[in-house]
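Hello,

Here is the structure for the handover. My notes on what was found follow below it.

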Amino acid sequence: MPKISSTRDHFFKLLGKELNEQQLEDLTFAFGIEAEEYEELENGQNVKKISFEIAANRPDLLCIESLSQALRLYIGENQGKIQYKIVQGTEKLYVKAATSQVRPYVVAAILRNVELDPNSYQSFIDFQDKLHQNYCRKRTLVSIGTHDLDTIKGPFYYNALPPQDIVFKALKQTEQLSSVQLFEKLEHDQYLKHYLHIIKNSPVYPVILDSNNVVLSLPPIINGDHSKMSHQTKNILIEVTATDHHRAQNTLLCIVNGFAQYTQAYEIETVEIIYEETGKSIITPIFNERQVVTNLKYINGILGVNITVQQSIELLKKMGINSQAIDDQQLSVTVPYYRTDILQECDIAEDIGIAYGYNNIEFKIPEAATSGGEYQLNKLSDMVREEVALCGFVECLNFVLCQNREITELLNKTENNLKVGIQNSKSDLFQCARTTLMAGILKTLKTNQRSKLPIQLFEVADVVHKGQKGNEIEGIVGAYNRRFLCAVHSDNDSSGLEIIHGLLDQLMVKLKVTQENYSLQKSTDSTFFPGLQANIVYKGQNIGIMGVIHPLVLNNIDWPFPAAMIELDVQTLLEDF
């Protein structure tokens with residue numbers, strides 16, 4: 001989960017009261033976050049700081065201002081949340097048609113008459129970084145630019161131009177560079193180099209300009225030096241570009257909610273966004289507050305409490321949420337514009353639970369009596385693992401997903417009818433679910449070529465098979481899992497088939513499977529050498545195979561020594577376990 005930090009003095013100043021370590025721990029734990037006090041050396045002095053671990057679903061709390069404001073409401077220091085005044089602005093931002101090729105959406109807002117100090121300015125910068133890393137998905141979906149409005153002149157323009165046509169002096173640079181030259185230089189920047197790939201291969205780069213063609217930013221990479229901010233900045237332009245308009249809007253709302261408190265009149269000024277291609281005009285930020293109707297019976301049932309509608313209203317106020325009673329059982333809840341995590345009734349119930357205090361919920365014995373126990377298949381699997389390990393085999397763990405060729409060509413097969421493929425796979429390494437453990441264990445064998453012989457490996461894990469019509473174990477998705485065992489033995493002078501055979505007999509003895517119930521029968525599997533392989537039959541059902549691995553298979557993994565392998569469907573043995 002993301003972390004934010006602040007000096008101890010600055011946080012308690014914003015909170016309005018000072019807490020000792022235990023009080024802070026109790027408060028943050030009850031609110032659903034974690035706090036840790038520590039000391040850090042700054043300018044030769046030890047500075048007391050506090051770090052907070054915030055849930056990923058609360059991007060609005062990723063700055064110390066929003067967090068302290070929420071905690072003030074929670075402990076009753078504020079009678080109500082800060083009410084911001086929305087001012088209709090005159091600034092316009094024109095969006096050119098070319099931006100649809102790279103990052104098509106932009107939203108913006110202005111904060112005027114801002115009073116920042118070094119602490120609040122640093123918090124403003126840190127908030128943007130935390131949003132970038134988390135909610136904005138490392139700038140791939142959304143990127144934020146903030147500018148000193150007094151150094152630039154509107155109207156503003158959001159365009160997309162060829163990289164060589166964008167020339168400006170970027171932040172922390174000493175000269176003007178084209179985007180191509182800038183990217184070459186930033187390849188060596190330990191921080192920004194991780195974002196270059198987002199637009200590097202695009203024929204055009206997004207750019208925000210003012211009316212004098214001054215470059216404000218090259219989203220999502222870097223801002224221009226001309227409009228850079230400091231703690232002395234009085235008027236701030238916030239622009240957010242994105243591939244997802246909804247997420248861009250939510251990001252902007254989080255920022256203005258956290259920092260509009262530093263304006264003299266608690267004002268947020270809007271900006272008109274004009275899309276020149278369609279003529280569409282949007283005023284941002286959009287302060288839409290949704291209404292969610294919830295039922296008290298549902299809340300009491302899910303939390304295990306017995307509260308009234310009026311109590312629910314008071315509890316939601318502690319969480320900064322306004323609501324009103326419809327009747328004695330229903331509640332209409334106004335979701336704050338910055339609460340992107342509230343989607344449905346259960347989210348309202350969660351906030352009421354936090355405000356009520358989970359430690360205050362009465363402990364009750366469940367009405368339905370149940371008894372726990374180990375899942376039988378897992379119990380059987382653990383027994384098999386223990387026995388195989390005691391026989392000198394080393395356990396390995398491989399991916400459930402694999403390449404198509406690994407369950408066909410690698411095993412000397414032409415096709416696999418049980419294969420469950422992955423549509424539009426993002427990687428060639430993961431094209432389907434494994435139908436056998438053989439491919440994974442052979443790849444593990446290949447990576448251990450320098451290990452001392454003999455090598456004995458095994459794996460007990462699930463495979464995935466495509467369900468056939470009429471199959472009783474077919475799942476609703478048309479596929480099902482089976483628990484398999486696969487083991488391999490290899491030495492420089494022999495395949496060790498007798499060792500693999502001995503492993504099978506030892507397992508059957510330990511699992512109390514009598515000789516009358518299992519046998520070996522002739523098989524013709526192309527993965528194994530002809531005449532040196534056998535099917536394992538249990539109560540007339542083929543449940544596995546063992547044998548000497550075919551030289552073509554060994555050649556596919558570049559393995560120079562003979563080897564023997566067994567694969568067994570241990571789930572079938574569960575019937576008598």
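Where is the place of Pro 155? Pro 155 sits in a loop, with strand S7 (142-148) on one side and strand S8 (156-161) on the other. Helices (H or I, at least four residues) and strands (E, at least two) are DSSP runs, numbered from the N terminus.

Two points on provenance. The model is predicted, so local features need pLDDT of at least 70 and side-chain atom pairs count only at pLDDT 80 or more, while totals for chains, interfaces and linings use all residues. Residues are numbered from 1 along each chain as its sequence is written, and side-chain values use heavy atoms, with hydrogens and water left out.

Backbone

The peptide bond leading from Gly 154 into Pro 155 is cis, with omega near 0°. A cis bond is also found from Pro 219 to Pro 220, with omega near 5°. Pro 220 belongs to the loop that runs between strand S12 (215-218) and strand S13 (222-223).

Asn 113 is not a glycine, yet has a positive phi of about 55°. Asn 113 lies in the loop between strand S6 (105-111) and helix H4 (118-133). With 43% relative accessibility, Asn 113 is partly exposed; the classes are buried under 20% relative accessible area, exposed over 50% and partly exposed in between (1.4 Å probe, protein chains only). Arg 137, another residue other than glycine, has a positive phi near 55°. The loop between H4 and S7 holds Arg 137, which is partly exposed at a relative accessible area of 45%.

Core and buried helix

The largest nonpolar core has 73 residues, and Phe 11, Phe 31, Phe 52 and Ile 238 touch the most other members. Helix H6 (residues 245-259) gives this core its largest share, seven residues. A nonpolar core here is a set of buried Ala, Val, Leu, Ile, Met, Phe, Trp, Tyr and Cys residues joined through side-chain atoms within 4.5 Å. Neighbours within four places in sequence aside, the contacts of Phe 52 include Pro 2, Ile 4, Phe 11, Leu 24, Ile 33, Ile 64 and Leu 67. Lys 3, Thr 28, Glu 34 and Ala 35 are also among them. Contact means heavy atoms within 4.5 Å.

Helix H11 (residues 438-446) is mostly covered, with seven of its nine residues buried. These are Met 438, Ala 439, Gly 440, Ile 441, Leu 442, Thr 444 and Leu 445. The buried residues of H11 pack against strands S24 (455-466), S25 (479-490), S27 (528-538), S28 (541-549) and S29 (563-569), and against helix H13 (551-556).

Sheets

An open antiparallel sheet has three strands in the order S17-S19-S18. S17 and S18 are its edge strands, each pairing on one side only. On average, neighbouring strands of this sheet are turned by 25° against each other, direction ignored. Strands count as paired if DSSP finds at least two bridges between them. S17 (residues 291-295) and S19 (residues 330-334) are antiparallel over five bridges, and Val 292 stands opposite Val 333 in S19. S18 (residues 322-325) is joined to S19 by four bridges, also antiparallel, with Asn 322 opposite Thr 334. S18 and S19 make a hairpin with four residues between them.

Helix H8 (residues 309-318) lies across S18 and S19, at about 15° to S19. Helix H9 (residues 345-356) lies across S17 and S19, at about 75° to S17. Axes are lines fitted to C-alpha atoms, for helices over the stretch in contact, and angles run from 0 to 180 degrees between N-to-C directions.

Another open sheet has three strands in the order S21-S23-S22, with antiparallel pairing. Strand S21 (401-402) and strand S22 (420-421) are at the edges with a single partner strand each, so one side of each has no neighbour in the sheet. S21 pairs with strand S23 (residues 432-433) over two bridges, and Cys 402 has Cys 432 as its bridge partner.

Helix pair

The axes of helix H10 (residues 376-390) and helix H12 (residues 497-510) come within 10 Å and cross at roughly 135°. The two helices are therefore oblique to each other; angles under 35 degrees count as roughly parallel, over 145 as roughly antiparallel, 65 to 115 as roughly perpendicular and the rest as oblique. Val 384, Glu 387 and Val 388 of H10 make the contact with Leu 503, Gln 506, Leu 507 and Lys 510 of H12.

Regards
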